[in-house]
Amino acid sequence: MLDASPRALVQAPPLYPHEAKIRGFEGEVLVAFTVDESGHVISVQVLGSSDPIFEKAARLAVGKWRFEPGRRQGRVVRFAMTVPIVFHLNQ
């Protein structure tokens, strides 16, 4: 349990896979990762996806995200997160 909710500093969206866009595919990838003490994302894992075509783009995007360091009882700590990455054609 962190002292406060994690706050993203950099959260760029994933690049839409070209083949998925051409075929009109939309999808979602559930990604789990750890944020280290400096706020960098490490250990990105795909827990599930609606289509494997989206997995690489989701992993690459999340790997570039940055957060304020997590704090527990005032001390900087690593923390884990799980988030859905949604791919919509109209975005």
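I began with pockets: on a 1 Å grid over the protein atoms alone, a pocket is an open set of points where a 1.4 Å probe fits, with protein on both sides within 12 Å along at least five of seven lines. Grid points are joined across faces, edges and corners, and a volume is the space filled by probe spheres set on the points. The model is predicted: local features need pLDDT of at least 70, side-chain atom pairs count only at pLDDT 80 or more, and totals for chains, interfaces and linings use all residues. Residues are numbered from 1 along each chain as its sequence is written, and side-chain values use heavy atoms, with hydrogens and water left out.

**Pocket**

I looked up the second largest pocket; about 170 Å³ of space lies in it. Its lining (residues with an atom within 4 Å of a point) consists of Ala-12, Pro-13, Pro-14, Leu-15, Lys-56, Ala-57, Leu-60, Ala-61 and Lys-64. I sorted that lining into 7 nonpolar, no polar and 2 charged residues. Here Ala, Val, Leu, Ile, Met, Phe, Trp, Tyr, Cys and Pro count as nonpolar, Asp, Glu, Lys and Arg as charged, and the others, Gly among them, as polar.

**Fold**

I noted 2 helices and 7 strands, with helices (H or I, at least four residues) and strands (E, at least two) taken as DSSP runs numbered from the N terminus. The order from the N terminus is β-α-β-β-α-β-β-β-β.

Buried means under 20% relative accessible area, exposed over 50%, partly exposed in between (1.4 Å probe, protein chains only). The core has 18 residues, of which Phe-33, Trp-65, Phe-67, Ile-85 and Phe-87 touch the most other members. Strand E2 (27-35), helix H2 (55-63) and strand E7 (79-87) each give two or more residues. E7 supplies the largest share, 5 residues.

I then checked Phe-87 for contacts (heavy atoms within 4.5 Å). Beyond four places in sequence, its partners include Pro-14, Leu-15, Phe-54 and Ala-57.

**Helix H2**

Which residues of H2 are buried? I found Ala-57, Ala-58, Ala-61 and Val-62. Down the axis of H2, these fall within an arc of 120 degrees, so they line one face of the helix; the arc is that of the directions from the helix axis to the C-beta atoms. They pack against E2, strand E3 (41-49) and E7.

**Backbone**

Ser-43, in strand E3, has a positive phi near 55 degrees. Gln-73 also has a positive phi near 55 degrees. Gln-73 sits in the loop between strand E5 (70-72) and strand E6 (75-77) and is exposed, at 74% relative accessible area.

Definitions and conventions:
Core = buried A, V, L, I, M, F, W, Y, C linked by side-chain atoms within 4.5 Å.
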